[in-house]
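User: Could you walk me through this structure, one step at a time? I am new to reading models.

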Amino acid sequence: MTDNDIIEFDEDGVSKQDPNTPSIFKMIKSFSRDLAKYIKEGAPNVSPIDYAERLDACKACPNLKPSIMRCGLCGCLLEHKAKWTTAECPDKPSRWKTQEKSTDSTNG
Ligand code: SF4
């Protein structure tokens with residue numbers, strides 16, 4: 001691990017390396033809400049193709065914080081959130097395609 005892998009936060013939970021990233025508190029709140037919804041719905045995952053499409057959309061998005069793969073709007077960790085069928089892109093309009101609800105929780 002290098003010094004670049006460590007994210008430091010100030011007392012308000014704001015990243016010292018990138019003050020424009022949502023605070024750690026906002027990220028935890030948003031990520032926890034999305035995780036609770038995901039679990040409540042039976043942990044449905046998108047297909048591997050849709051997961052790759054979501055990450056491609058994020059990589060092309062000006063809101064992405066690429067060095068930490070976090071969304072600059074919600075602060076979420078995209079490598080996890082993008083797998084969840086119940087998760088939504090917070091941009092308006094959404095940069096992710098709409099998902100059909102699935103009961104398959106084994107594909108990712
Ligand atoms: S706004 Fe949407 S597409 Fe952009 S980084 Fe966040 S989740 Fe990804």
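User: What does the protein average in pLDDT?

Analyst: The average is 85, and 85% of the residues score at least 70; pLDDT is the predictor's confidence in each residue, from 0 to 100. Where pLDDT is low, the predicted coordinates should not be read in detail.

User: Which elements have the lowest and the highest mean pLDDT?

Analyst: Among the elements of the protein, the lowest mean belongs to α1, at 90, and the highest to α2, at 97.

User: OK, how many helices and strands are there?

Analyst: The protein has 3 helices and 2 strands, and along the sequence they follow the pattern α-α-β-β-α. Helices (H or I, at least four residues) and strands (E, at least two) are DSSP runs, numbered from the N terminus.

User: Which residues make up the largest nonpolar core?

Analyst: That core has 6 residues, namely Cys58, Cys71, Cys74, Cys76, Leu78 and Ala82. A nonpolar core is a set of buried Ala, Val, Leu, Ile, Met, Phe, Trp, Tyr and Cys residues joined through C-beta atoms within 7 Å. A residue is buried if 20 or more other C-beta atoms lie within 10 Å of its own, exposed if 12 or fewer, and partly exposed in between, with C-beta atoms placed from the backbone. Buried residues make up 22% of the 108 residues in the protein.

User: What does Leu78 touch?

Analyst: Not counting residues up to four places away in sequence, Leu78 touches Leu55, Cys58, Met69, Arg70 and Cys71, and two residues are in contact if their C-beta atoms, placed from the backbone, lie within 7 Å. Among contacts in the protein between residues at least 6 apart in sequence, 60% join residues at least 24 apart.

User: Switching to Lys81, is that residue buried or exposed?

Analyst: Lys81 is in helix α3 and counts as buried because 23 other C-beta atoms lie within 10 Å. Leaving out residues up to four places away in sequence, Lys81 touches Asp34, Cys76 and Ala87.

User: How about Ser94, buried or exposed?

Analyst: Ser94 is exposed, since there are 11 other C-beta atoms within 10 Å, and Ser94 lies in the segment after α3. Pro93 is in the segment after α3 (78-81) as well, and the peptide bond from Lys92 to Pro93 is cis, with omega near 0°.

User: What is the phi of Ala43?

Analyst: The phi of Ala43 is positive, about 60°, although Ala43 is not a glycine. Ala43 sits in the loop between α1 (24-40) and α2 (48-59) and counts as partly exposed because it has 17 C-beta neighbours inside 10 Å.

User: And where does Met69 lie?

Analyst: Met69 is in the loop between β1 (64-65) and β2 (70-71), and its phi is positive, near 50°, in a residue other than glycine.

User: Last one, how far apart in space are Leu35 and Ala87?

Analyst: Their C-alpha atoms are 8.3 Å apart, although the two residues are 52 residues apart in sequence. Leu35 is in helix α1, and Leu35 is partly exposed, with 17 other C-beta atoms within 10 Å.

Terms used. Residues are numbered from 1 along each chain as its sequence is written. This is a predicted model: local features need pLDDT of at least 70, side-chain atom pairs count only at pLDDT 80 or more; totals for chains, interfaces and linings use all residues.
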